[in-house]
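Good morning, and thank you for coming.

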Amino acid sequence: MSRTLYQLDGCPYCEKVADRLDELGVDYESVWVEALHSKRDEVKRVSGQRGVPVLVDDERGVTMAESERILEFVERSYA
């Protein structure tokens, strides 16, 4: 899979990004992360920080955090 969305269950920002990807029919893999920031080693490894959501798009060479930035990218790239 060339797109991965790191998200936390119950996170409204994560849900907003996932909902928009789903609306646009964009295929992606979800990686559900731990609630404790200290347990988010994989997110830290791929993005340099522990916050979610994080979108990794290998096809476009993009890794980004912050839901608003991700949504802007999604609109430019897939809408």
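Some conventions come before the details. This is a predicted model, in which local features need pLDDT of at least 70 and side-chain atom pairs count only at pLDDT 80 or more, while totals for chains, interfaces and linings use all residues. Residues are numbered from 1 along each chain as its sequence is written, and side-chain values use heavy atoms, with hydrogens and water left out. Helices (H or I, at least four residues) and strands (E, at least two) are DSSP runs, numbered from the N terminus.

Let us begin with helix H1, which covers residues 12-23. Its 12 residues reach 16 Å from the first C-alpha to the last, close to the 16 Å expected at 1.5 Å a residue; the expected span is 1.5 Å times one less than the number of residues. Which residues of H1 are buried? They are Cys14, Val17, Ala18 and Leu21. Here buried means under 20% relative accessible area, exposed means over 50%, and partly exposed lies in between, with a 1.4 Å probe and protein chains only. Seen down the axis of H1, these buried residues fall within an arc of 95°, so they line one face of the helix. The arc is taken over the directions from the helix axis to the C-beta atoms. On the face of H1 turned away from the buried side we find the exposed residues Pro12 and Glu23.

What do the buried residues of H1 pack against? Their partners are strand S1 (3-7), strand S3 (54-57) and helix H3 (67-78). Contact here means heavy atoms within 4.5 Å. Just after H1, Gly25 takes a positive phi of about 70°.

If a disulfide is a pair of cysteine sulfur atoms within 2.5 Å, the count comes to zero disulfides.

I turn now to H3. This helix has 12 residues and reaches 16 Å from its first C-alpha to its last, close to the 16 Å expected at 1.5 Å a residue. Buried in H3 are Ser67, Ile70, Leu71, Phe73, Val74 and Tyr78. They cover an arc of only 160° around the axis, which puts them on the same side of H3. Their cover includes S1, H1, S3 and strand S4 (62-65).

Ser67 of H3 is buried at 8% relative accessibility. Leaving aside neighbours within four places in sequence, Ser67 is in contact with Tyr13, Val17 and Pro53. Pro53 sits in the loop between helix H2 (41-47) and S3, and the peptide bond from Val52 to Pro53 is cis, with omega near 5°.

In the loop between S4 and H3 lies Glu66. Its phi is near 75°, a positive value in a residue other than glycine, and at 53% relative accessibility Glu66 counts as exposed.

Rings of Phe, Tyr and Trp (its six-membered ring) pair if their centres lie within 6.5 Å; planes under 30 degrees apart count as stacked, over 60 as edge-to-face and the rest as tilted. How many aromatic pairs are there by this rule? There is one aromatic pair. The rings of Phe73 and Tyr78 have their centres 5.9 Å apart and their planes at 90°, so the pair is edge-to-face. Phe73 is buried at 5% relative accessible area, and Tyr78 is buried at 17%.

Finally, the interior. A nonpolar core is a set of buried Ala, Val, Leu, Ile, Met, Phe, Trp, Tyr and Cys residues joined through side-chain atoms within 4.5 Å. The largest nonpolar core has 14 residues, of which Leu5, Val17, Leu21, Leu55, Ile70, Phe73 and Val74 touch the most other members. H1, S4 and H3 each supply at least two residues of this core, and the largest share, five residues, comes from H3. A second, separate core of 10 residues includes Cys14, Val43, Val52 and Val56.
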